[in-house]
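Hello,

I am passing a structure on to you, and it is shown just below. My notes on what turned up follow after it.

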Amino acid sequence: MSLKIKKGIPLIDQHDKNGMWGGKFGGSFVPETLKKPIEDLEKLFSKLRKDKSFIKERDYYFKNYVGSPTPLIPLNQITDHLGGAQIWAKVVSENPGTAHKIYNAIVHCLIAKRAGKKFVCGDTGAGMAGKTLAMVAKKFGLKCKIFMGVKDIKRQKPNVDAMKKFGAEVVPVTSGSQTLIDAVSECMRYWVSNCLKSHLVVGSTVGPNIFVKICGYSTSQISRELIVQIKDEFGKIPRRLKLLNVCGGGSSSYGFWSSFMDYDKRQVEFVGIEAGGPKKSKLHAAPLTNNSKIGILHGAAQYVIQDKDGQIGLTDSISAGLDYSGISPLHCFLKDTKRARYTSATDEEALSAYKLVSSMENISPSLEPAHAFAEAIKIAPKLSKDTVIIVNSCGDSYKDRDIIKKRLGSYIR
Amino acid sequence: MKSEIQLAFEKCRKENRPALISYTVSSDPNKEKSLKILKSISPHIDLAEIGFPFSTPIGDGSDIQTSSYRAIKNGFKMRDIFQLIKEYKKTNFSKPIILMGYYNMIFNYGENKFLKDCKKAGVSGIICVDLPWPENKNFAKKCKKESINFIQLLAPTTTKDRMKKIIRDSHDMVYYISMLSTTGGKLKVSPRRILENYKKIKRINSRKNVVIGFGITDKTIKPLKSADGLVCGSFLCKTITKSLKMRQNPVTKLDKVCYNLKNKIL
């Protein structure tokens, strides 16, 4: 299979019959028990995507519940301060749940309803996916279980409180590194045992093929809005446009880019920013930037941090939402086709980007998108004034206030 | 020529009992002890499954996870498992070996090199938890070429139509997962129901040796003894964990436990 992106077809559908992108990323490497539930879900999803009433319902909730579109705003102070390219932000954190996670949660809950399931279970790292799923499940009358690493429960307490408030059961995961990777594993294990009555919500564009597709399908709403907003604002797509997005699992960045896929990369460049980890540490969560090998993690082939023998490696990042050894197969494909460029920002760079943006502008990004702002701050001064940089501000800093206070001395909103 | 696995089942059938299949993790609790454990349980078992531990085992419950993490922490490397088997195969009462694990380890090792080393060490079969049919077609063919059994898994969720296709591509042995669970769960389905599903598989092809696994302990094994084989894994791993905790010797402990299991199905 050639490593080329086809035009006019959503990237999520450009996989082969084995569910693989470019013949080597993705697939469905799952225990036999999950084969049938996954096949059922694949059939249901492909039917629903063509079902006008389903799309109408989705759009209804996106408009009236999420309140789409999220704002696209110029960051004039920072642009003036840095000189060079114009910096804008798509403030996806304005969403209920203060992140992009609500699109995936809504679509999954709608599917669960149609499948006649009364339970949903999901994983979470930073707690954004968990909090949002808990909120949406409550709205749709579904019972909800969220799997979260013990380390993350400690460092993202505001989100844990929110999940509980929405009536979800938060299951602490004590195995392995006690972060997102183990939360995803434990959630999958739970689904193996409960696949008949509960619906699995994978929180990002990772996991077996169908979950990558559903999540990508859902977050694409971001770029559907953005392309209209850009045309309104600039009259057309600017000649030099850079879309900067943080990459953990890769759901927000895929959603932020998907409508621009067919543009020439010299006009619309995609830059994915991974978590570089602490400045002085060898650990990171940036498999694309650091050329990790291909491996199979959580049901999909992908570039993944691992040792020589194939044991999945430990990660470290100040952002719980980025602390993941793997990366979406979609991004592996975008890397290999060279459609997107990937780089990383360290914990320290993210913190100072957070500080600069929060103190100069009217937004306060969480430490996840702060990684993307760090790259914007780095490149903007070197770029021409007619270059437009848009950063997806896909999370709000409130959940990080304890970490920020500890690291910077004070929390700015 | 009949495979070692086939011969093991035929021997049990002659003795009118199911094959007892153990599962232990390579290098658990350490390299030396895992070999000693294998040697000590060998007289009681008919086939030995050996797990190559993986850091992210999505199909395993807490007992096998604990064993796997312990082995990795103790420095397990893939070459250790081949060393273990070579050593084990030198003993004259050794049983056929089935390797079990997750695909990333095989993928990383390289499918061909993995099979070559399996063959050299004397491995008879391979179970790959997260390489289901039809994704495993290619690898299963490669195994067959090397005269190594690729053991297909069937689950309670597997449809009849799918079962037929999987069995058609299977070799001498098929593994039926007793219930919807990761390994080591409490057996939440009645033995009667499990055996009904087991018979369904046998009706599709009676010549295949069908074994039942997941949730098999000294308490649950007896009513299932009409099967061709029974796999006991988490129960053994749990016994290792327990005896380490109580500062007992896991080698003698496992010897006893397997002796007991065998007696229950005679």
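What is the mean pLDDT of chain B? This is a predicted model, and the mean for chain B is 97, with 100% of its residues at 70 or more. For the complex, the predictor gives an ipTM of 0.97 and a pTM of 0.97.

Strand 2 of chain B has partners to look at. Strand 1 (residues 19-25) of chain B runs parallel to strand 2 and is joined to it by five bridges; here V25(B) stands opposite G51(B). Together with helix 2 (residues 31-41) of chain B, these two strands form a right-handed β-α-β unit. Strand 3 (residues 97-101) of chain B also pairs with strand 2 in the parallel sense, over four bridges, and I97(B) is the bridge partner of A48(B).

Now to chain A. Its domain assignment gives domain 1 (31-62 + 99-216) and domain 2 (68-96 + 221-408), with C-alpha centres 23 Å apart. Their contact takes 33 residues from domain 1 and 37 residues from domain 2. On the domain 1 side, the helices that each supply at least two residues include helix 4 (101-114) and helix 8 (180-194) of chain A. Helix 8 of chain A gives the largest share of that side, five residues. By class, the domain 1 side has 16 nonpolar, 14 polar and three charged residues.

Enjoy exploring!

Conventions. Residues numbered from 1 in each chain as written. Chains lettered and ligands numbered in written order. Predicted model: local features only at pLDDT ≥ 70, side-chain atom pairs only at ≥ 80, totals over all residues. pLDDT = per-residue confidence, 0-100. Pairing = 2+ DSSP bridges. Right-handed = clockwise from strand over helix to strand, strands pointing away. Domains from an automatic or database assignment. Contact = placed C-beta atoms within 7 Å. Nonpolar A, V, L, I, M, F, W, Y, C, P; charged D, E, K, R; others polar.
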